[in-house]
Amino acid sequence: MKSNQIYLRFLSLLHAIENSDELPQMDLEAKRLLEVIAIRFDQKTPLTVTEAMALNDIASPATLHRKLDQLREMGMIDTMFEGTNRRTKYMVPTDAAQRYFEQVEKALQRTLKTT
């Protein structure tokens with residue numbers, strides 16, 4: 001199978017599970033924001049709220065603020081403080097976000113098995 005067909009098959013599976021009850025419904029900006037939060041957390045450099053608000057390639061600051069609120073209300077992210085600094089909030093993915101990424105990983109694995 002050609003590499004672009006693998007990717008298209010992956011997208012097809014991902015869209016199928018995203019349109020089912022398996023994954024929470026999120027728009028593109030919320031997904032991208034969650035991905036950045038998860039990547040930074042995995043790299044041991046959690047994203048601050050201020051840094052999240054500056055992600056102009058995803059959306060405007062006002063939209064990002066709404067998306068952070070949506071992700072928090074969905075239970076996909078939480079905020080934490082480091083040490084005694086109570087002024088800087090860090091965004092962290094929750095167990096619900098972990099389950100979301102596990103479902104996406106399963107879709108990717110199914111795609112790779114069909115090649």
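Biologist: Which residues does Gln70 touch, not counting residues up to four places away in sequence?

Modeller: In this predicted model, Gln70 touches Asp27 and Ala30. Contact is used here for heavy atoms within 4.5 Å. Gln70 itself is found in helix H4.

Biologist: Why does Gln70 count as partly exposed?

Modeller: The partly exposed class lies between the buried limit, under 20%, and the exposed limit, over 50%. Gln70 has a relative accessibility of 31%, so it counts as partly exposed.

Biologist: How far apart are Gln70 and Pro93 in sequence and in space?

Modeller: Gln70 and Pro93 are 23 residues apart in sequence, and their C-alpha atoms are 13 Å apart.

Biologist: Where is Asp27, and what is it in contact with beyond its neighbours within four places in sequence?

Modeller: Asp27 is found in the loop between helix H1 (3-18) and H2. Its contacts, with those neighbours left aside, are Lys67 and Gln70. Between the C-alpha atoms of Asp27 and Glu105, 78 residues apart along the chain, the separation is 19 Å.

Biologist: What makes Asp27 partly exposed?

Modeller: The relative accessibility of Asp27 is 31%, so Asp27 counts as partly exposed. The class takes in values between the 20% and 50% limits.

Biologist: Why is Leu71 called buried?

Modeller: Buried requires a value under 20%. Leu71 is at 0% relative accessibility, so it counts as buried. Leu71 also sits in helix H4. Leaving aside neighbours within four places in sequence, its contacts are Met26, Ala30, Leu33, Leu34, Met76 and Ile77.

Biologist: Which residues of H4 are buried, and what covers them?

Modeller: The buried residues of H4 are Thr63, Leu64, Lys67, Leu68 and Leu71. Seen down the axis of H4, these residues fall within an arc of 140°, so they line one face of the helix. Their cover includes helix H2 (28-42), helix H3 (49-53), strand E2 (77-82) and strand E3 (85-93).

Biologist: How does the span of H4 compare with the expected one?

Modeller: H4 covers residues 61-73, which is 13 residues. The expected span is 1.5 Å times one less than the number of residues. H4 reaches 18 Å from its first C-alpha to its last, close to the 18 Å expected. Gly75 follows H4 and has a positive phi, near 80°.

Biologist: What is the phi of Lys44, and where does this residue lie?

Modeller: Phi of Lys44 is near 65°, a positive value in a residue other than glycine. Most residues other than glycine have a negative phi. Lys44 lies in the loop between H2 and strand E1 (47-48).

Biologist: Why does Lys44 count as exposed?

Modeller: The exposed class begins over 50%. Lys44 has 70% relative accessibility, so it counts as exposed.

Biologist: What is the secondary structure of the chain, and how many of its residues, in percent, count as buried?

Modeller: The chain has five helices and three strands, in the order α-α-β-α-α-β-β-α along the sequence. Of its 115 residues, 32% count as buried.

Technical notes
Residues numbered from 1 in each chain as written. Predicted model: local features only at pLDDT ≥ 70, side-chain atom pairs only at ≥ 80, totals over all residues. Heavy atoms only, no water. Helix = DSSP H or I, 4+ residues; strand = E, 2+ residues; numbered from the N terminus. Buried < 20%, exposed > 50% of the residue type's maximum accessible area, 1.4 Å probe, protein only. Arc of directions from axis to C-beta.
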